[in-house]
2 protein chains.
Amino acid sequence: MTALLLTSLLALTLKATAQLEGRGFPDCQNGPLKNNTVCDFTADPLTRATALIAAFTIEEKINNTGSTAPGVPRLGLPAYTWWQEALHGVAQSPGVNFSDSGDFRYATSFPQPILMGAAFDDDLIKDVATVISTEARAFNNDARSGLDYWTPNINPFKDSRWGRGQETPGEDPYHLSSYVKSLIAGLQGDGKYKKVVATCKHFVAYDLETWNGNFRYQFDPHVGSQELVEYYMPPFQACARDANVGAFMCSYNSLNGIPTCADPYLLQTILREHWNWTSEEQWVTSDCDSIQNVYLPHEYTSTREEAVAVSLKAGTDVNCGTYYQEFLPGALSLGLVTEKDIDMALIRQYSSLVRLGYFDGTAVEYRSLSWKDVSTPYAQQLALKAAVEGITLLKNDGILPLAITKDTKIAVIGDWANATEQMLGNYDGIPPYLHSPLWAAQQTGANVTYSGNPGGQGDPTTNNWLHIWTAVDEADVILFAGGIDNGVEAEGMDRVSIAWTGAQLDVIGQLASRGKPVIVAQMGTNGVDSTPLLNNQNISALLWGGYPGQDGGVALLDIIQGKSAPAGRLPTTQYPASYISKVPMTDMHLRPNSTTGFPGRTYMWYNEKPVFEFGYGLHYTNFSATISPTDTTSFSIADLTKDCTEHYMDRCPFADMKIAVTNTGNVTSDYVTLGFLAGEHGPAPCPNKRLVNYQRLHNITAGASQTTSLNLTLASLARVDDMGNTVLYPGSYALLIDTQPLAMFNFTLTGDEVVLDHWPQPPAPRTQDSDYYVGGYGSEYEMPL
Amino acid sequence: MTALLLTSLLALTLKATAQLEGRGFPDCQNGPLKNNTVCDFTADPLTRATALIAAFTIEEKINNTGSTAPGVPRLGLPAYTWWQEALHGVAQSPGVNFSDSGDFRYATSFPQPILMGAAFDDDLIKDVATVISTEARAFNNDARSGLDYWTPNINPFKDSRWGRGQETPGEDPYHLSSYVKSLIAGLQGDGKYKKVVATCKHFVAYDLETWNGNFRYQFDPHVGSQELVEYYMPPFQACARDANVGAFMCSYNSLNGIPTCADPYLLQTILREHWNWTSEEQWVTSDCDSIQNVYLPHEYTSTREEAVAVSLKAGTDVNCGTYYQEFLPGALSLGLVTEKDIDMALIRQYSSLVRLGYFDGTAVEYRSLSWKDVSTPYAQQLALKAAVEGITLLKNDGILPLAITKDTKIAVIGDWANATEQMLGNYDGIPPYLHSPLWAAQQTGANVTYSGNPGGQGDPTTNNWLHIWTAVDEADVILFAGGIDNGVEAEGMDRVSIAWTGAQLDVIGQLASRGKPVIVAQMGTNGVDSTPLLNNQNISALLWGGYPGQDGGVALLDIIQGKSAPAGRLPTTQYPASYISKVPMTDMHLRPNSTTGFPGRTYMWYNEKPVFEFGYGLHYTNFSATISPTDTTSFSIADLTKDCTEHYMDRCPFADMKIAVTNTGNVTSDYVTLGFLAGEHGPAPCPNKRLVNYQRLHNITAGASQTTSLNLTLASLARVDDMGNTVLYPGSYALLIDTQPLAMFNFTLTGDEVVLDHWPQPPAPRTQDSDYYVGGYGSEYEMPL
């Protein structure tokens, strides 16, 4: 491989980029590939993809290792963009092309995952994902997108400051695991052909954008095996092992000294071997441009050729970026990689496309989907329902539900009052409409006044506040919609405060002093300390509204008016504003540390009083619950495990707990049955409690009961030892229903502990949980010459 | 004062806001005020303003306490906006109205102060300020601006992370003091009428936007009297005591527990009494909206009425915002303020307007200035000159100056290559043109190729890098223009890294490996660790270009080609990237601390090796210097002080040092004569050295000499004790010419120490230099009900 080849490759790639406009499907009927086995619909995907790649020259192979792949014009293989996004609806991204007008000018825009997570309704998530994949296929059939979507972001949201926490369903690993299985089922479908390929990201321990000199591109979190397995890994295990997701994305950060995209322990030992994610239809992409980051700023290798070689050999198949295309020729000529290594990556990619029916023309059932399947009335209703189900009631002095008539005078105030794109959060598409709280209030027929100020986080200006007082002068009731948004929580930007701004608190406080009921809707993620609102008795109600999507305002007003009853639950802990002064973002520990004053992270470990706890949420009615009595309250570990034939023993059943829930109040309402497990068992310290199952019950009418099952498995009972092994321990256990328990079941496990899962140990030497990694990082770069 | 009055005041204010469109001058010939003493041109400003305010009702008085003042329509007193900006040219701001087309559609846009500071040329600064005030008067005559400009930002730039450091001339308090005196002279003029009123901000100890949970709106820096007086105060002392600036702005932050806008010690004891800033033509404005911040988030008072009362009584005359207008009625009715307090504030404001000739019609000499005086050829040349004088050469292997002909093939690369608004920095106006480095390179007639990537700080994407390699393939020489910009350093946003991004380093490194000369222009402020560029021998030259204004590209190319020789000097220390991990932004100390490992701040105290030191700058030639011998090398303190008749003894002369500078090389060049003082005298520890004077010499031809005077005063020799007193101490002294001294004069002071300035002590109890204030701050707000 000489510089000449490099130049010609670059030229090819440049040319190919221009050809992406003409993308479409390969023609297996009449195209140059018609006699290649890839066009033999009866062969298996691996065989077909292998035959295809065998027809590539080495230059063509290398050309197609990036996320913007030129295809092989000579073979009639079209250019392909691997990078599509669909976090909460088909989204604007390199591979998605919305039309400026006419068909395909929009797609359904659901709430951000953080709000859909608050619904605690896996059926809802599958329904949403099914709509998204239907719309994605319709876009694909119009040559407006590929079939690979880089969603979901399933890193647990453990620190309120994280700018991308909004992209996740919350902080709890069981919740995320359960959610993501439903999501993947909806996205990938269950037909012969995959509907679209989902991509679980960012593998692993990625939850920092930029904090005190630390950047995601160079951050090297230190995590021990115990907390890695019990907290950071479960959503990814669910993706790979249990939901058979089509793709993974390795992350920007290192983990314990090794960039994740260059780490064979993560990508081979754990992901492919331990989780049996070995189908050739599955592939790993780098984040954009995390292969380059292996070289700089991680400085994990001393040359760019080594960076691509170590990443490819570790198992990163697709390079979002151009480093593979640029530096694989050099790596090949230096003997750092073989052509076979490149073949492996390409075969994985094209096997996946085969499985998507990319080569199979109209034999694919999804090829008939079209613009009429986008933003259907059903999809629009589902987007509204998802927002309604997630919105969470945090305080209510009885003002809600609020009867609104045409004689009601409502002032709608705050920088979210007339929200439009704000309601979508990030990774957004173009929705068919954006119904703000103001718009929705106006639709009620009430007399509505409005003022958009004060501005969001960081804007202290009172200059336009006079308009606020004018807007509320005539009102009977005040709705304040504010909080945070993408201006302070965003990709690349972690928050530096978790308090309300002084300006917003001041306005709310002044509004509350006017003798009129004040309802506050706190928007954005819910890690905004609302203690002052909770303590102010003149503030009648507080709702958390997240990023509610295209119909967000309607959802809020539906809840406020009681057209729907609130039943969302907070998917993250709300900490007091002072919390962040005790917790460096770079400290990955969960357990509290009495020596350093570190108070712990998440509801499982935090040892102080939260403002609102994980799972908190009020209703317009009251509920009681009972757990059907079981015959026994003591279980032998030997008995529980002796009949377990699952390869992964944690999947074996423990008990199917029947929970009867009764609506003891006057308002029909959903109810989220949260099952927590507490007790003393396994390695000290024990967590406060942990979520082991949840089920959302729908429309329980006043006085009525519904029964649900919480299926507990051995995983529900197990804990993780300091080697990362998942173990069933003897000890005391308690199943608690709801955050302030409505019912409880105490039981014990007896006998010897049994290891359910032996965690593969990392090769020494690695940096492991050595010291607290705290404070600013300012590497002195030495540029390799 | 009842709610009824409050409401009517609000209504008045709202109405007045609408009337601002019709602003202009009061009519003393025929208007309602013609018989009021304010229209008696022979009376003094105080008498005239007092008479005017006496004609106001209490409602009219309160209405006019905000930055958007409705005037008094009844009296023919027009609405007036106090808030204009002109940091480096008449700027877009609430009181400035650029035309969409035709006349007054632009104004001259000079470089940001950080680059003008690097020129170390006070005559240049006065010339620039004179152009700005001329253009400001032209705008005012067309009813497009007021006469009060909220410039300069003169807080010392001690931390490279500070997002507003670009607005200042640098880190050294002597430099800032000298610069600001020239600036104010140019802005305010020396006629009977003030040309415009300048405003020194932000008083005091303001240099943090948002860092690790600390916001400027609630940050409470702790500073002891010694470092307060020797570092944070001098520019403000120069403004108030020495340059008689028309206005001050108190800051967002507290100082030692008290919000600056509410602190009578700062605003009365220090500013007005100790510095004798007592003319009624001078006033203090709050920052926007720092009166509100006194209440929230500082929580310094428990009611809003107390917040306005304590601020007004402390001496804050103008409220940028609306808190005075809203809450003075309540404060008045509660007896927290008197009408006389309000009168005092208004008399100060309107005295100032009298002094500006606001009431005096065409008697004012500046009333003839018009559009033809804006963006004159002279002003355009001066903007270019200011950029040329500031640009600083940091590395040169001989490639510069570069002969450029039409046969030269230059590739211009980087996200600053085609910079437009980027070159202006913040607080910018609309310039007549924006000449980028790319544009300027094209004007040379050379063969220019171009690629704008990689993106700025934080963008890791290599996706478009292929264009870079194409752009440089044919080039003979590569000019890379990158670094940082307002995307990462801005108002409200401190930087979290002082390293080059991995992406930019990677691209520069790859460019440097191609065997072609690479010239790097690092743009934005200069606190970006360029160690890798310094160490890479394939990088031929490094320039620092700051924010060079409307002709920035031309200035760069003029230096590169040798049309002008570089003579700028770094106005701040360039620290290694790891520096910030040792220095919390919240730590206001300057002196190093061996116990904590704190390495100290600024060239005066930093005890490690900087990447480039303060004052560093190369030339295209060499210089030697000699200090004219003085008769004596020992001075008696008693002799030095006995004839001093100045009220402020630090102003008395010590010596007029004659420095002869010889150009020993081959290229005509400016030379900045920097005079530093070192030695052992006064309280330990002693600083490494400190700047005591500077003079820029112009166009010293090859082989020629020029002589300049460095006028040293007793202030040059004095140090500050721990009570804040300025003292002349016996001991050893050394005057050093230049950073690597070209000449040195050693001398001693003998006898007893003499206090030159007794610093007024703050009333106890205050928080004083108690502990290091470190780490995140997350106040638990308690909202007053």
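## Chains A and B of a predicted model

Chain A holds 22 helices and 26 strands, where helices (H or I, at least four residues) and strands (E, at least two) are DSSP runs numbered from the N terminus. The model is a predicted one, in which local features need pLDDT of at least 70 and side-chain atom pairs count only at pLDDT 80 or more, while totals for chains, interfaces and linings use all residues. Residues are numbered from 1 along each chain as its sequence is written, and chains are lettered from A and ligands numbered from 1 in the order in which they are written.

Consider the overall form of chain A. Its radius of gyration is 27 Å, which agrees with the value near 28 Å that a compact globule of 785 residues would have; the radius is taken over C-alpha atoms, and the globule rule is 2.2 Å times the number of residues to the power 0.38. Along the principal axes, the C-alpha atoms of chain A fill a box of roughly 80 × 65 × 55 Å. Of the 785 residues in this chain, 63% count as buried, a residue being buried if 20 or more other C-beta atoms, placed from the backbone, lie within 10 Å of its own, exposed if 12 or fewer do, and partly exposed in between.

Strand 14 (residues 518–523) of chain A is mostly covered, with 6 of its 6 residues buried. In a regular strand the side chains alternate between the two faces of the sheet. Here Val518(A), Val520(A) and Gln522(A) point one way, Ile519(A), Ala521(A) and Met523(A) point the other way, and all are buried. Strand 14 of chain A pairs in the parallel sense with strand 13 (residues 477–483) of chain A over 6 bridges, pairing being assigned if DSSP finds at least two bridges between two strands. In this pair, Leu479(A) stands opposite Ile519(A). Leu479(A) also lies 16 Å from Leu534(A), C-alpha to C-alpha, the two being 55 residues apart in sequence. Leu534(A) belongs to helix 18 (residues 531–535) of chain A and counts as partly exposed because it has 16 C-beta neighbours inside 10 Å.

Strands 24 and 25 of chain A form a hairpin with 5 residues between them, and Asp738(A) in the turn has a positive phi of about 80°.

In chain B, 3 strands form an open sheet in the order 3-6-9, with parallel pairing. Strand 3 (199–203) and strand 9 (283–286) of chain B stand at the edges, each with a single partner strand, so one side of each has no neighbour in the sheet. Strand 3 of chain B pairs with strand 6 (residues 247–250) of chain B over 3 bridges, and Thr199(B) stands opposite Ala247(B).

Chain B also contains a packed helix pair: helix 11 (residues 304–314) and helix 12 (residues 323–333) of chain B meet at an angle of about 100°, with their axes 8 Å apart. These axes are lines fitted to C-alpha atoms over the stretch in contact, and angles run from 0 to 180 degrees between N-to-C directions. The two helices of chain B are therefore roughly perpendicular to each other, the class for angles of 65 to 115 degrees, whereas those under 35 count as roughly parallel, those over 145 as roughly antiparallel and the rest as oblique.
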